[in-house]
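Welcome, and let's take a friendly first look at this structure.

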Amino acid sequence: MRYLQRRKRRISSFQIIIVGFLCVILTGSILLMLPFSARNGEAASFLDALFTATSATCVTGLVVHDTVTYWSAFGQAVILLLIQIGGMGVVTIAVSLATISGRKIGLMQRNTMKEAIAAPSVGGIVRLTGFILKATILIELVGAFLMLPVFWKDFGIVKGIWYSLFHSISAFCNAGFDLMGSTGQFSSLTGYAGNGLINVVVIGLIIVGGIGFLTWDDIRCKGMHIKKYRLQSKIILVMAAILIILPFLFFFFLEFRRQVWKDMPLGEKLLSSLFQAVTPRTAGFNTIDLTMFSEAGQTVMIILMLIGGSPGSTAGGMKTTTVAVLFMTVFAVFKRKEDTECFGRRIDGGTIKYAATILLMYLTLFLTGGIIISCVEHLPIQTCLFETASAIGTVGLSLGITPGLGIISRLILIILMFFGRVGGLTLVFAAFSDKERNISKFPKEKITVG
């Protein structure tokens with residue numbers, strides 16, 4: 001009887017999200033293994049295709065082959081499609097297509113969509129999905145149009161249009177894939193370090209893509225009446241400002257004051273400081289050779305990569321709200337307050353537990369992955385931690401070791417990228433969604449901490 005009851009249980013929203021991402025990754029891997037996906041006409045190995053498909057779908061940007069020199073136009077199109085699906089979310093794309101085709105969206109689909117974009121309720125979720133789809137297309141087209149004059153001049157009209165569209169989608173989806181390998185493999189946007197237009201447009205796309213769909217909705221519906229925004233949107237906007245301004249000041253006044261950067265013009269230092277402050281959360285483009293950064297500068301980038309963007313956005317990482325909740329809880333403890341408070345609201349105790357769990361999970365996987373790769377590949381630990389932070393934060397920044405890693409290390413990065421995009425709690429809830437809850441409680445006893 002219990003077996004029959006279990007069989008009747010429906011798949012959870014968290015399981016749908018995970019299965020959706022896995023299906024897209026496997027489909028992308030198969031397409032990238034086709035001989036005409038590579039420029040040389042030879043089929044890519046399954047591991048290389050899987051790594052690339054995972055990186056694209058999880059909007060990471062770590063690569064084992066330079067995108068433009070290894071993959072054909074078809075392969076690049078597959079990668080771009082995976083980036084778009086992964087950035088908006090598999091469920092968002094599926095619901096959008098169902099809405100366009102006129103199909104009825106049931107409660108299960110609405111609830112799955114709610115979990116996918118971190119919405120507070122299922123109310124108005126279909127309307128919000130339509131808004132997300134339209135806004136995404138509009139923003140990406142505007143970004144491509146703004147970058148077109150530069151790429152048209154450098155690559156011609158046909159390539160210019162393709163490069164503009166590719167980099168606009170990659171930037172908005174916080175993916176970090178680029179097509180600049182023709183001027184130098186794995187060079188990213190280093191050739192445009194002094195180009196103000198490319199820097200500003202890419203930075204703008206990264207920020208807009210990383211603040212979250214619900215924040216867009218608040219801005220659209222409530223304009224400049226910030227007091228009427230959801231608490232989540234207020235926290236996201238404040239954290240976004242802090243995590244741009246403070247790293248910018250660090251890079252400009254400390255990192256770029258080093259002797260190695262003495263010949264860089266002041267304007268380029270300003271642009272580079274701002275770009276490197278924004279891109280670790282979690283875009284993956286770089287306009288400066290990151291191997292030239294000091295260990296302090298690389299450590300700051302590791303922290304930013306782990307924090308990531310905001311919930312319900314195209315970005316990965318622990319999320320800005322997670323870090324904000326933990327810091328506010330620390331301040332509440334310092335002030336001996338019983339509740340964690342922010343903008344005149346109390347933070348639910350369950351939210352604090354989730355935030356602490358996410359922090360511990362990310363730090364554990366980030367450190368474990370880095371230590372294993374360091375031992376297996378005999379590489380410096382900081383270099384390996386930089387790659388694992390980039391993978392689990394779905395960033396894509398690299399110190400150049402990814403293409404040369406062995407099978408074990410690549411599999412570790414694949415797992416971290418998937419974990420970082422889908423989300424730790426999603427995986428846990430998917431695994432334990434059918435477990436019966438135990439309503440009994442053990443006796444309480446205090447222990448001393450700190």
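Phe293 is buried, because its relative accessibility is 5% (buried means under 20% relative accessible area, exposed over 50%, partly exposed in between, with a 1.4 Å probe and protein chains only). This is a predicted model, where local features need pLDDT of at least 70, side-chain atom pairs count only at pLDDT 80 or more, and totals for chains, interfaces and linings use all residues. Residues are numbered from 1 along each chain as its sequence is written, and side-chain values use heavy atoms, leaving out hydrogens and water.

**Aromatic rings**

- The whole structure holds 19 aromatic pairs (rings of Phe, Tyr and Trp, the last by its six-membered ring, with centres within 6.5 Å; planes under 30 degrees apart are stacked, over 60 edge-to-face and the rest tilted).
- Phe250 and Phe251 pair edge-to-face, at 5.5 Å centre to centre and 70° between the planes.
- Phe251 is buried, with a relative accessible area of 0%.
- Trp261 and Phe293 also pair edge-to-face, with 5.8 Å centre to centre and 75° between the planes.
- That pair links distant parts of the chain, 32 residues apart: Trp261 is in the loop between helix H12 (231–253) and helix H13 (266–278), and Phe293 in the loop between H13 and helix H14 (295–307) (helices are DSSP runs of H or I, at least four residues, numbered from the N terminus).
- Trp261 is buried at 5% relative accessibility.
- Ring pairs join Phe250, Phe251, Phe256, Trp261 and Phe293 into a cluster.

**Surface**

- Lys446 lies in the segment after helix H19 (424–432).
- Lys446 counts as exposed because its relative accessibility is 80%.

Methods: Helices (H or I, at least four residues) and strands (E, at least two) are DSSP runs, numbered from the N terminus.
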